[in-house]
Amino acid sequence: MVSAAAGSSVERVWAELATIPDPEIPAISVVDLGVIGSVAVDQDRVRVELLPTFVGCPAIGVMQEQIGERIGALGVAPAVDVIVTYNPPWTSDRISDAGREALRRSGFAPPAPMPTGPLLGQLDELAVLPVAECPYCGSRNTSLDNPFGPTLCRAIYHCTDCRQPFEQFKRI
Amino acid sequence: MTVTTDLDLETREALAELVLSVADDEFVIGFWDSEWTGIAPMLEEDVATSSIAQDEIGHAKALYELLGELIGEEADHIAFGRDADGYRHASLLNHRRGDWAFSVARRYLYETADAVRLGALAHSAHEPLALLTGKMRREETYHLLHAEAWLRRLADASDEAPERLADAIRALWTDAQDVFAPLAGEEVLVRSGMLPIPMRALHADWQARVRPTLEPIAGSLPATAPSLDGRERRSDDFAWLHSEFTSVARTEERATW
């Protein structure tokens, strides 16, 4: 049975998570990035499910540690488990509108929405979009320089209008 | 949902063999590709190859962790604690990186085979494997597109690139079949839906997919099947790579990072 107190603990955990930045792109919180799958609280422990953006993301361990420390300090339960899961898989559609705006403000083009419909049948269409919107001047007159960028989750573009290189958070 | 502890011994051993084969493939190709870091033909490609290598080693890590839960071992120990003879990667990955055309040819052969394999594993009845490979598949789509782009670029180039590429494809063709080498206990996995499609059917799918692309580049390629020991033959090249990637683990046995 979930008591009213447990409900408010869950809310407190979510509120705290919303203040924890992504280690690689600190402008966006782990909640806006969509990597928090679920939060559950009982009298013994807090359980947070973490959905990695990429399986090999080297920041996963740092995120687990940070989340464990910050949520532990809240004191809503004696123990905190931060569990990595692929159920559901993280996709770039999990980034919130606020998260997309935060990415844009720090010079990243947000990923375009995924095609709708059953995804596994459409993987070939998952190709990097050849055009992204320049986060500096808003132009779509841009070109893909490299589908692989400085971290696993980023691609590199160039804006033909303002001549600025920029990165896109990959659509996946 | 299938829980690891629910599995009988025969199924668990067969599943462990399957997971180990995919993990070792990803691990070894990741290390071979990382040999290009700093010396790829151009800066953009240096970043791309290194990023792909990092993805592959990350996939291997997640697969070794899944395997660790099945057999009760630490992922790090599975990755770095075996002798060279204990690895189960396909013989395609026994070769050192060679020249750029050789690495492009191998990456194309491997990525196309891996895509076919992941397409089946994403529907595995073993849910943790289905979830992980389903997620990997999204990432591998980028690798595949990148490998296809390089194959085209070299095949359509002037001068010696098409010839080097054709030589590499012919040299690797037989060993490439071994990504689909039969696994010990495969029937058990197929029967239980953990491997939804048998290796020989996946192999046929893959051949039908790559021949129309490769034969215009490399000429007629022989009809050939995966060899029975396609995941057991180890080479001097791999022995060298193994000594490289285990060097830290061997000198600092208790190291953590």
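**Close-up 1. Ala40(A) and its bridge partner in strand 2 of chain A.** In this predicted model, Ala40(A) has Arg47(A) as its bridge partner in strand 2 of chain A. Strand 1 (residues 36-41) and strand 2 (residues 45-50) of chain A run antiparallel and are joined by five bridges. Helices (H or I, at least four residues) and strands (E, at least two) are DSSP runs, numbered from the N terminus, and two strands pair if DSSP finds at least two bridges between them. The two strands form a hairpin, with three residues between them. Look also for Val41(A), which stands opposite Val46(A) of strand 2 of chain A. Residues are numbered from 1 along each chain as its sequence is written, while chains are lettered from A and ligands numbered from 1 in the order in which they are written. Because the model is predicted, local features need pLDDT of at least 70 and side-chain atom pairs count only at pLDDT 80 or more, whereas totals for chains, interfaces and linings use all residues.

**Close-up 2. The parallel pair and the three-stranded sheet of chain A.** Arg47(A) turns up again here, with Asp81(A) as its bridge partner in strand 3 of chain A. Strand 2 and strand 3 (residues 79-84) of chain A run parallel, joined by six bridges. The open sheet has three strands in the order 1-2-3 (chain A), with mixed pairing. Strand 1 and strand 3 of chain A are at the edges with a single partner strand each, so one side of each has no neighbour in the sheet. From one strand to the next, the twist averages 15 degrees. Helix 2 of chain A packs on this sheet and touches strand 2 and strand 3 of chain A, its direction making about 155 degrees with that of strand 3 of chain A. Axes are lines fitted to C-alpha atoms, for helices over the stretch in contact, and angles run from 0 to 180 degrees between N-to-C directions.

Close-up 3. Strand 5 and strand 6 (residues 154-159) of chain A run antiparallel, with four bridges joining them. Leu144(A) has Tyr157(A) as its bridge partner in strand 6 of chain A.

**Close-up 4. Two backbone details in loops of chain A.** Most residues other than glycine have a negative phi, and most peptide bonds are trans. Here a cis peptide bond joins Asn87(A) and Pro88(A), with omega about 0 degrees. Pro88(A) lies in the loop between strand 3 and helix 3 (97-105) of chain A. Arg163(A), although not a glycine, has a positive phi of about 60 degrees. Arg163(A) belongs to the loop between strand 6 and strand 7 (165-169) of chain A.

**Close-up 5. Helix 4 and helix 8 of chain B.** Helix 4 (residues 100-121) and helix 8 (residues 199-218) of chain B pack at an angle of about 135 degrees, with axes 9 Å apart. The two helices are therefore oblique to each other; angles under 35 degrees count as roughly parallel, over 145 as roughly antiparallel, 65 to 115 as roughly perpendicular and the rest as oblique. Their crossing is right-handed: a crossing is left-handed if the near helix is turned anticlockwise from the far one by less than a right angle, and right-handed if clockwise. Among the residues making the contact are Val116(B) of helix 4 and Trp206(B) of helix 8 of chain B. Two residues are in contact if their C-beta atoms, placed from the backbone, lie within 7 Å.

**Close-up 6. Helix 6 and helix 8 of chain B.** Helix 6 (residues 161-176) and helix 8 of chain B pack at about 125 degrees, with their axes 9 Å apart. That makes helix 6 oblique to helix 8 of chain B. The crossing of these two helices is left-handed. The contact includes Ile169(B) of helix 6 and Leu214(B) of helix 8 of chain B.
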